[in-house]
Every structure is written in structure tokens, then in C-alpha cells.
Amino acid sequence: MLRPLHWNRPGRFLLAFVLAVVAVVCPIHLLAVESSAKKPFFEERPMVVIDPGHGGSDEGAAGPSGSREKDVVLRLAEQVAVLLEDRFQVELTRTGDYGMDLPQRTGTANRYPAALFLSLHTAASQAPHVSGVFFYYHRPIASVAAVTSKKTEITAWENLQDRHREQSRRLAQELARQWKTRFPGDEVTVAGHPLPVLEGADMPAVLVEAGTLTHAADELRLADMEHLKTVAAVLAEGVASFLKAGGAAP
Ligand SMILES: [Zn+2]
């Protein structure tokens with residue numbers, strides 16, 4: 001009876017040799033292909049964390065007709081998420097009507113870690129005629145110097161945003177640019193302020209006030225779902241163009 005190849009000594013040796021070569025060479029070859037082929041940007045799907053401000057007993061600003069900031073910004077955040085989901089991983093800090101403290105919100109972004117953090121709000125004013133849209137980045141009070149422990153090299157929570165400040169400012173400018181293109185009649189402001197919700201964010205981060213809820217016409221616009229969808233499109237485009245231009249690199 002003719003014995004199969006792997007039963008005779010030279011055949012067994014040859015088979016073992018071939019299997020060893022295949023086992024060693026193939027994974028290395030595959031790895032080489034994997035690492036040398038740079039994925040297109042959007043295949044990497046960076047994480048974007050969107051933070052609808054307020055929630056629960058903290059209702060935020062109130063409009064003259066009764067709109068509440070916490071509801072408006074949650075609806076807006078959901079729309080922004082829908083528009084970004086095909087290109088990015090998206091996470092909301094809050095998905096319902098409940099309260100959260102500020103470090104919890106920023107902590108969500110740091111834990112992933114996110115490439116970008118966007119906190120959504122509406123502005124309020126004592127003067128009912130005041131209207132406007134604001135893009136804020138975190139700028140600490142000048143007298144507070146950045147504190148980094150020399151022993152541990154760990155940056156204090158309240159200083160984490162400092163190293164991203166320039167990028168956050170550019171993100172705010174890009175969002176404002178997109179806004180002015182879509183809504184040329186709006187008063188749009190970009191400014192740096194001490195912002196507790198952003199100070200601990202370890203990535204480019206901006207707080208958006210997407211209209212002034214205490215202004216009657218702004219409240220009407222913000223109550224209109226079609227307007228909110230357009231605002232969401234503006235914010236999504238700003239985020240996408242910033243990240244595509246490499247804004248996520250520290
Ligand atoms: Zn707010």
C-alpha cells in the first residue's frame with residue numbers, strides 16, 4: 001500500500017518545513033501590508049463627544065414663551081450626532097432629561113479619549129432685545145498659572161485644556177465661519193473665557209451657544225426642528241472640516 005506523503009520521513013520533514021515557512025512569513029507579510037497602507041481619514045472614525053448642557057432640575061435658560069435650554073440643546077445634540085455618525089464615533093454625555101455635574105461631562109470625553117468635545121448651550125440675557133450666537137474656548141483667568149506636579153508630571157484637571165487652547169480657538173473660529181456662511185444675518189462671536197466644563201477636557205473643546213433663548217425671535221427659531229437641523233448641519237460640517245484638517249493632533 002502506498003503510504004501518504006506525510007507518513008514517510010522526508011515527506012514529513014518537507015511538510016513541517018513548508019508549514020513553518022507559511023506560519024512565519026504570512027503573518028509578517030500581512031502585518032506589513034496592514035501597517036504600510038494608511039487608512040483614509042474617515043475610516044479611522046475618531047470619537048466626537050457632544051455634551052447637551054444642563055438637564056433634570058437644572059433647566060438652563062428659559063425663553064419668553066417657555067422653551068427650556070435643556071430641551072433645545074438635547075434635541076440639537078441628537079441631530080448633530082445623526083449627521084456625524086457616518087464619519088465618526090459619536091457619544092452624547094446626556095441622552096435624557098437628567099442632571100450631571102461638569103467633571104462627569106468632561107470625564108466622558110477624556111475616558112474614550114475623544115478627538116473633540118462640543119458642549120451645547122443657548123445664551124441668555126437680562127435684556128430681551130439682545131441676540132447672538134457664541135463660540136467659546138476655555139481661557140483661564142490670567143493670574144492662575146498652569147500647575148504641573150514636578151514629582152508626578154501629572155497635569156492638574158483644571159489645566160488639562162491649556163495645551164489644546166490654540167486648537168480649541170481654531171475650532172471655535174471654524175464653527176463660526178461655517179455659521180456665518182449659513183446664517184449671514186446673525187451676530188456671531190468667538191471668545192475665550194474661563195469655562196469650568198471645558199477646563200478639564202484633554203482635547204480640542206468648544207462651548208457653543210446656538211442662539212439667545214431669551215430673545216423672542218431666537219426662541220422661535222430654536223423651537224423649529226428644521227432650523228435645528230440646519231444648525232446641526234453647520235456644527236457637523238465645522239467639526240468634520242476641523243478634524244479632517246488634522247485638528248485632532250495635540
Ligand atoms: Zn447653558
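Which residue in strand 6 is the bridge partner of Phe 134? In this predicted model, the partner is Glu 209.

## Overall make-up

The protein contains seven helices and six strands. Along the sequence they follow the pattern α-β-α-β-α-β-β-α-β-α-β-α-α. The protein has 250 residues, of which 37% count as buried. Taking contacts between residues at least 6 apart in sequence, 80% join residues at least 24 apart.

The six strands form an open sheet with mixed pairing, in the order 2-1-3-6-4-5. Strand 2 (89–92) and strand 5 (188–193) are at the edges and have a single partner strand each, so one side of each lacks a neighbour in the sheet. From one strand to the next, the twist averages 20°.

## Strand 4 and its partners

Strand 4 covers residues 133–138 and pairs with strand 6, residues 205–212, in the antiparallel sense over three bridges. With strand 5, strand 4 pairs in the parallel sense, over six bridges. There, Val 133 has Val 188 of strand 5 as its bridge partner.

Is strand 4 enclosed by the rest of the structure or left open? Six of its six residues are buried, so strand 4 is largely enclosed by the rest of the structure. Burial applies to both faces: Val 133, Phe 135 and Tyr 137 are buried on one side, and Phe 134, Tyr 136 and His 138 are buried on the other.

## Helix 4 over the sheet and against helix 7

Helix 4 (residues 165–182) lies across strand 4, strand 5 and strand 6, and runs at about 170° to strand 4. Helix 4 also packs with helix 7 (residues 225–244), at an angle of about 140° and with the axes 9 Å apart. That angle makes helix 4 oblique to helix 7. The crossing of helix 4 and helix 7 is right-handed.

Which residues of the two helices meet? From helix 4 they are Leu 171, Glu 174, Leu 175, Gln 178, Trp 179 and Arg 182. From helix 7 they are Thr 230, Val 234, Leu 235, Glu 237, Gly 238, Ser 241 and Phe 242.

An α-helix has 3.6 residues a turn, so residues three or four places apart point the same way.

Note on methods:
Residues numbered from 1 in each chain as written. Predicted model: local features only at pLDDT ≥ 70, side-chain atom pairs only at ≥ 80, totals over all residues. Pairing = 2+ DSSP bridges. Helix = DSSP H or I, 4+ residues; strand = E, 2+ residues; numbered from the N terminus. Axes fitted to C-alpha atoms, helices over the stretch in contact; angles between N-to-C directions. Contact = placed C-beta atoms within 7 Å. Buried ≥ 20, exposed ≤ 12 C-beta atoms within 10 Å, placed from the backbone. Parallel < 35°, antiparallel > 145°, perpendicular 65-115°, else oblique. Left-handed = near helix turned anticlockwise from the far one by under 90°.
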